[in-house]
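Me: I'm new to reading protein models, and I'd like a close look at a single part of this one. Could you pick a spot, walk me through it, and then show me how the rest is put together?

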Amino acid sequence: MAGYVLFEAVNPSVQGGYNGGSMRVTRVLWATPLAAALALFASAQDGATLPSAPSATLEQQRPAPVPDPPQTEQPRATAAEQPAVTEDAKPQQPVLETLDPKLRPRAQQANNVAQSASQQNPITPASGTDTVNQDKPYNIRVPVNEVNVVFTVTDKHNHYVKDLKANDFRILDNSKPPANVRNFVSETNLPLRVGLLVDASNSIRDRFRFEQQAAIEFLNQIVHPERDQAFVIGFDTTPEVTQDFTNNPEKLAAGVRLLRPGGGTALYDAVYGACHDKLIKAQSNQSAVRRAIILLSDGEDNQSRVTRDDAIEEAQRAEVIVYTISTNVSGTKTRGDKILETIANATGGRAFFPFKIEEVADAFSLIQEELRSQYAVSYKPADFMADGKYRSIDIEALNKKYKVRSRKGYFAPRAETASAAGAQ
């Protein structure tokens with residue numbers, strides 16, 4: 001079917017036809033599909049340029065989009081931040097802190113006020129609560145020239161003797177009797193501040209799982225939530241705190257489970273750091289506390305920045321008893337075993353040497369019993385001098401069938417630090 005359209009060219013003078021010139025439709029006599037096509041053509045010509053594709057036409061009909069705000073480029077995660085992919089990888093949960101004795105030169109620590117005050121005195125939080133808070137200041141409760149000693153008494157069968165009195169003992173400080181004994185207690189419920197130090201080096205990898213479980217059971221039994229607190233440190237190349245002071249057994253267990261074996265052994269750094277950064281600052285509203293370290297290791301050290309003597313000295317300054325449990329089950333006493341024994345004896349603790357790995361749990365049980373079977377005495381030395389020198393301690397039972405085990409001595413504060421501590 002035919003139809004027709006009348007139209008006229010606006011620029012007939014242009015050579016070669018209208019050649020892209022404007023065209024105006026003047027009258028439509030009958031609309032057909034052809035007419036619609038011509039109308040679209042005319043409209044496009046008025047727009048000067050035809051679209052190249054249907055999608056472009058649709059885009060022209062849409063409202064202009066609102067531009068997105070500029071994006072800030074996020075930093076790429078480093079390799080160290082990627083999640084662990086193996087079971088034995090290091091735990092991804094951040095540890096509370098790394099104890100680095102390199103940041104604590106020994107010469108500076110000898111004059112540290114907190115060490116000197118803690119060495120001689122129990123301390124209490126300013127708030128009067130029993131919660132340990134390393135960020136809060138602590139108050140000195142007794143003069144800096146008062147010495148506090150916790151000790152254990154056993155009979156010839158190695159059974160604990162718990163019913164002795166102050167006049168059943170002879171105390172010598174630097175080979176002289178004290179000027180006076182200010183306090184003597186025999187009780188099984190003194191609050192505990194305990195650090196569990198677990199060797200996580202490659203040398204103990206084959207028996208690590210069992211030791212973890214034994215340690216968890218020990219903490220569950222030894223920590224009484226109403227008065228005791230403990231923390232967990234694992235050490236290989238460096239010591240790391242996986243659980244800070246808490247009275248929650250579940251958190252302590254989680255801290256032990258975070259440990260993974262691998263690397264060298266920084267045993268001395270671990271003992272030094274636990275005493276200096278944790279136990280020397282342990283606070284209590286009680287007149288006395290037991291500060292103790294349970295050290296689970298083979299005794300071999302190959303990574304520490306401090307020496308064995310440094311570690312022992314810091315334990316004595318912090319009034320810490322160190323109990324050691326050897327993980328060597330070879331049946332032969334090694335050099336590492338002798339090191340563990342030396343540390344324990346110097347601090348008034350005890351060294352345990354299980355013949356089988358299953359006996360590690362028995363050692364934990366014996367430590368638990370001993371910590372609840374001790375005496376505490378505080379006295380004023382007869383010729384005390386704030387000179388920073390080492391002073392020996394010798395406590396003996398008058399009944400020779402009893403054996404007393406205590407730390408061997410302490411370091412007196414220097415005059416300037418003693419004055420500063422007394423002013424607080």
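Reply: Happy to! Let's begin with Ala397, which has its place in strand β16 (residues 390-397); helices (H or I, at least four residues) and strands (E, at least two) are DSSP runs, numbered from the N terminus. This is a predicted model, in which local features need pLDDT of at least 70 and side-chain atom pairs count only at pLDDT 80 or more, while totals for chains, interfaces and linings use all residues. Residues are numbered from 1 along each chain as its sequence is written, and side-chain values use heavy atoms, with hydrogens and water left out.

Is Ala397 buried or exposed? Its relative accessibility is 5%, so Ala397 counts as buried (buried means under 20% relative accessible area, exposed over 50%, partly exposed in between, with a 1.4 Å probe and protein chains only). Which residues does Ala397 touch, leaving aside its neighbours within four places in sequence? They are Asp168, Phe169, Tyr402 and Val404, where contact means heavy atoms within 4.5 Å. Take Phe169: 228 residues separate it from Ala397 in sequence, yet their C-alpha atoms are 4.5 Å apart in space.

Contacts across the sequence also show up in the whole chain: of the contacts with a separation of 6 or more, 80% are between residues 24 or more positions apart. The chain has 424 residues, and 46% of them count as buried. Its secondary structure comes to 11 helices and 18 strands.

Asn174 is not a glycine, but its phi is positive, about 55 degrees. Ser175 lies in that loop between β7 and β8 too, and it has a positive phi near 70 degrees, again in a residue other than glycine. As for cover, Asn174 counts as partly exposed at 30% relative accessibility, whereas Ser175 is exposed, with a relative accessible area of 60%.

For a contrast, look at helix α7 (residues 267-277): 11 of its 11 residues are buried, so the helix is largely enclosed by the rest of the structure. Among these buried residues are Tyr268, Asp269, Cys275 and His276.
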